[in-house]
Structures are given as C-alpha cells and as structure tokens.
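Below are some short notes on the model you sent.

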Amino acid sequence: MTTHTDGEINHLIQDVVDASKRPPKARHTSIKPTIASLVSLAYDRGLLPGALSDLIDVVTTPNHLDQASLASIVRNLYPVSRVPRKVVLQVIACLGHGELKPSLNVQAALLRWLILVYHVLETPGVLSQSFQVLFNLLDTAAFRPQLTHLLALITKRKHVKPFRIQAVLGLARQTGNDPCLVGLLRVFKDYYPEIIVGEAVRSKASAFKHPDPPWRERLDEIQDAHLLQSQNGQPQPRDGFRAHRPVTRFGRKKLFPIVQTSHAAEDAVTLEEIESAAGFARNIDKIELPNQLVAVLADPLLQKLVVLRPGADSNQRIANWLNAVLEDVVQGDADQETLWEVMEVVKQYVVQTKTLPPIILNFFARFLPLWDGTGSYKTVLDIISFAPVLDFEELYRHVLQPLEGALATNESASQPDVLQMYTSLLRHWATLLQADDSIPGFASSSISKLVLHANSLTLQLIQTSPSIGTASAVLDFHEQCVRLVTAEKLRDYIRIELPHKLLIYIFFFSDSVATVSRICSVLASLKRGFEKAMSTRRDGSGKIDSATYDRAYVNLYNGFLMDICNCLWRTQAFSDKDAPAQRCLVPRATIASLTSYVPSVDKSFSLPMIFGLSHSPALCLQSILRVRTAEDEAMASGITIRIRHAGPVTQPSLTRLSTGGGLRLSWSEYRIGVLDALTRDGLPGIAELLKNTMTKLKSSMEGRASVDQSATRATIE
C-alpha cells in the first residue's frame, strides 16, 4: 500500500466522518460518491488498523448516514493486517437494543464481518471472554443466524454449561427448532455428549457455512500483498503456535479433519485455546489431544505437541487412519486427486516432524510397483528422503528400485530429483545417527551401499546432462558423504566410499573453477579420515581401522591426489613415473598424441604446462588477476612499474618482468599468492588439497620454509 493511497483513504474517511455528523439537508454535496470512492479503495488496497477503527466508529455510533451507505462500508472492511482487540470490542459494545445502537441490520452485518475476519483477529480470546454478553443476545431474531455461527466458532469446553443448554433448548422450542439454534445445540452436545437435549438435534438443521468465500479470497489477497510489501518482498513464516482455524467448522467435508477437542476435562487445555509459544510451553502437560489425531498431518501446532509429547497410542491412531485411506488407494477405490492430496499433506507432516511413519513406507512398497510415474513424483521423493536408517538392500528392493523403475520413462527429467532425494536421505541418516546413543552395526554397510548405488547414478547423470547445475548437484551429494565420514561421532564407524574415479577427473578438468575447487575440497577432507583409520589398530570394537581399507583402495585415493598435484603444481600432468599416479586415466597413446600436438599450436607450450595454475582454463583468469592486483598495490604504494605482465605467467616470464622494470615477484610467491587469492574468494579446495598433500608447500604457506617444486607425495602410506 502506497503512502499516497493511505493519505487518500484517510482524506475520504474524514469526509465521511464529517458528513455523518450532519443531516443530509445540511450537506452541500452528496456523500454517496465519496463513499463509493472509499469502498473502492478499501476493496483494492485494504484498510490499515487506524482507518479500520475510524470506520467502525462511524458505523457503531449514532450518525446521519443512510442504511445503504453503512451497509456498503461494512461490506468493504478489508483489514490489511490482524484486526486489533479494540475494534472487536467496539463491535461487541454496539450490539443489542437501544436508541444509541445501530440498526439491527447493521448489527447483523457487523456480526457477519466478525465471522469473516475471525481467522485474522489479533486476540481471538476477546470473543471467548465476551461469550456471556453474546449469548444473552440470542433472543434477537434479526441477527440470530450470524450470532449463533459466531458462538459456534468460539465455543470452548468452559462455555458449555447446563443452564445454557437449557436456555438454547427453550428458545429452540419457542422458535420451532430454528436451524441455527439446533446447530449451536449440536456444538454443545460435542462437549457434553452425556446430556440429553431431546429431539431438537435430531431435526434437520443447516450447517454453518462460510458466509462469503469470494470475500475471504479477496481478504487473503490483500493481506498477502500487504505482508510482502511490509517485509520488502520476503514472505513471513506462518504462525506455528496457533491451531489451524478455518472460517467455518461445519463447511464442506475435508479429507483431513481440523483440530477439534470435544471431550476435554474441566482442568485441561485444548489446542484451540493456545495463542502463542509461551501459552504452548506453559500448558504442554495439560493439553488434551483432539478428537481425530490425524489432524496432526495438516496442523503445525499439533505436530509440535506430538513431537514433544510422543506416545505409542498417538502414533497408532495416526497409522490406523492413514492405513484406511491408503488402502483405498491401493485397492483403486480412491481417485488421483485424493492420492496426491494425501501425499502433499503427508509430505508437509514428514518435513515438519522429520519422521516417516512405517505405514507410509509399507504403502510405498505396495504402491510403487503399480505406479506409472505420473503425478507429483517430487512429493514422493521428498517423503522417502526422510526414511529411517534401514538396511539399504531391503529399502532399495522394496521401495527405491520400484520408484526408479516407475520414473524410468521420464528419466532425463527425474534423474536430478532422484539424486537430490539420495542426498537428502543421506543427510537425514547422518542426523539420526548423530542423535542416537549408539551406532547400529549395519549403518556403515547400509550407507556404503547407498553411496555406491548413487555413484553410478551420478556418473550417468553427468554424462547425459553435462552442465554446471548437474555438477553442483552431484557435488552436493559427495559433500554430504564427506560430512558423514568426518563427523566426530560417526567417523570411527562409517567407511569412506570414494566418488567414481571417472567423475573425479571429469570435475577436475571442468572449466568451472568452483567445480574444481569443490572436488579438490572433497578429496582433501577425506584424507583425514584415511589417516585416522591407518593409525588405528583392529580391536574388535567395530570401529574403522587399518584393516578396513586394502592397499589398492588407498593407492587409488593417493593416485587422485598425485595426479592433481602433478597437473597444478609439478608441471608433470599425465605422468605416472611416481607411484601411485594414474595419468588421470588417460591412455598412453592419447598422451603421446597430445604431447606432439601442443607444440605445433604454440612452440612455447608443452602438454604438462597447460594444466598448471597459469594456463588451466579454469584457473588462468584468477592467476593473472593475482599478478595484476599485486602490480596495482605496488603502484599505489609508490613503486614505479614501467611494464606490466601480459600473461600467462611462467617462471621465466617473471624473471624477464623483474629485469625489464616490472613487478619483482618470485615464482613461489606468485603461486602461493594465487592459492591465497582463491581461498579469499571462497574457493579454498585447491589450496587445501595441495597443502594436505605436499608438506613443504604447507610449511611455506604457513611461513616456516620455502617451497621446493619437486616436493610432492601423497602422505597416506
């Protein structure tokens, strides 16, 4: 809402206020065009609390406006935020009979408005506190339908007293069982089912339906727009410490019931009465579970209660309901719309509670082999990513394999999402294992099998969709693997599973410096895990020790480190003269062809040179920028530089630069400067790998020694 619009609305309200104090004949102009403009702006933009209060003042106090104008104003009272307590009290105070009260039609319209805005009241408790005042107005037939609907919304266990039941019964008999009174009696009977209320509740009574769904939709649009603008375009999270309150509790039957507690004890607290986090914490031990606990699937407050106060009975009640609904799906008695409505709400529940009920996994084991992959498959993936730590072979055979088979027809589109599911599942397992008092014996084997299966998926994915986004998703998975095997509690029990060897070299030769840095960071981080295992002797405790990894496996890992060092630092790309280097898996014949080809393009180049820091496609820009930055800093400090380096940088070019009047920079300073610059720019992986592999480089970067170009060896033996 703009300031200009606010000022215009306030100006129009002031004109209406002034006109309301004078009889029509005393006004110089008609007020109707002003009211038309006001209600139009209120519909378009909504009303701030101050403007809303001013208009309520006009409507609820004696005035000279005609009934049509007053009704038009009430119909367009769209608040842009929560309705203040003061406004609700203004409406309640104007109800009843008397010369100073508004007409009964206006009172009925105001009660209807309270029903429409009930879900956005700042303090809904004010209506509960006014229950006695509202109840005593039931004999007014003019607004009884609206009043009974409002009473039905606010009724709590404490409000239902025998004398009130008797009063409503008597009034119902006098009015020939007025449907709205019968509806209120049914609400009372929910709280006191043992009380006999006669034949009244057996008669046909219309449900309390939403008075105006389009009005509610427009209100939601106005409030959402105002909230986004007030939060600078950032949506605010919904209030998770209030039970979900639909505008009507007797509307169209929904698949998931709402939170409703009918048989609470006198000293208990219902979820419907909780209004804040403080109230929830204060009463958590006294909160009564609702009638249908399956409402937990769609209500964030009930989810918190079930998580913080778990119980086998609660879980069984939820499971029984889900089993009944999901059984209909398996048997073909439920349509697609019902299935995906259930799945969407189950997903929200699982995401909020981080718990996947076993009944859902059992359902997937029966449903997925029959599924053709159509519909919202991402919802299914999101749910499965919260599966508990299980034997991977069992989980794969019964759930994951049928899932991948169902999505095979849409493989190119679904593969990235399947990989994301495995990443999320691995993250969830890591969280569960760190929270457990002990690590299950099958955990390491299960995680290893998951990683090995996902490895084949990542290799296929990077070949079918070779993009930066795909590489990032694959690296997300392997970075999660690293977190799992380097966590202090888990590293002694979880075996390291390396990324596929082809994948490592594909990423290392990427033209994205971020991709190169991330794969180097993954390999550098795994080194600590290997070193810890190599230094641990077998003691029968089940921990990872020196016997866990055979020599060939360790040499494979060391080969990755050696190859990368050979390319980036030693100017020996694709060499295998120092074990355990693997020539980056490039065939010797290919290396020979490239070795003879490169000088034919430029005699100053050689094959090993063009994969170093200065010439690598991913690193050449960062490398020359390091020199340019050093030159700028030197000139800024007053040093005269007659010539700047044209790039790319080599050891001889730095010597020529120094003798020709350019920047004095040694080869060692230059290369260490490049690594430092990459680290400062948020790309530390390359420096981490080189430092962890070459001890003399690490000492040099820490200022304890000079770098020896030939000093390199994977330190894991």
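What percentage of the 717 residues of the chain count as buried?

1. The share that counts as buried is 51% of the 717 residues. Please keep in mind that this is a predicted model.

2. On secondary structure, the chain holds 31 helices and 2 strands. As for contacts between residues at least 6 apart in sequence, 69% of them join residues at least 24 apart.

3. Leu502, Ile506 and Leu585 make it, and its area is about 210 Å². Ile506 belongs to helix H23, which spans residues 501-508. Is Ile506 buried or partly exposed? Its relative accessibility is 36%, so Ile506 counts as partly exposed, given that buried means under 20% and exposed over 50%.

4. The last point is a helix pair. Two packed helices are described by the angle between their axes and the distance between the axes. For helix H17 (residues 358-367) and helix H19 (residues 392-406), the axes come within 7 Å and cross at roughly 60°. H17 and H19 are therefore oblique to each other. On the H17 side, Leu361, Phe364 and Ala365 take part in the meeting of the two helices; on the H19 side, the residues are Leu395, His398 and Val399.

Note on methods. Residues numbered from 1 in each chain as written. Predicted model: local features only at pLDDT ≥ 70, side-chain atom pairs only at ≥ 80, totals over all residues. Heavy atoms only, no water. Helix = DSSP H or I, 4+ residues; strand = E, 2+ residues; numbered from the N terminus. Buried < 20%, exposed > 50% of the residue type's maximum accessible area, 1.4 Å probe, protein only. Contact = heavy atoms within 4.5 Å. Patch = residues over 30% accessible without salt bridge, like charges linked within 9 Å, V, L, I, M, F, W, Y side chains within 5 Å. Areas by Shrake-Rupley, 256 points an atom, 1.4 Å probe, with all protein chains shown as cover. Salt bridge = Lys/Arg side-chain N within 4 Å of Asp/Glu carboxyl O. Axes fitted to C-alpha atoms, helices over the stretch in contact; angles between N-to-C directions. Parallel < 35°, antiparallel > 145°, perpendicular 65-115°, else oblique.
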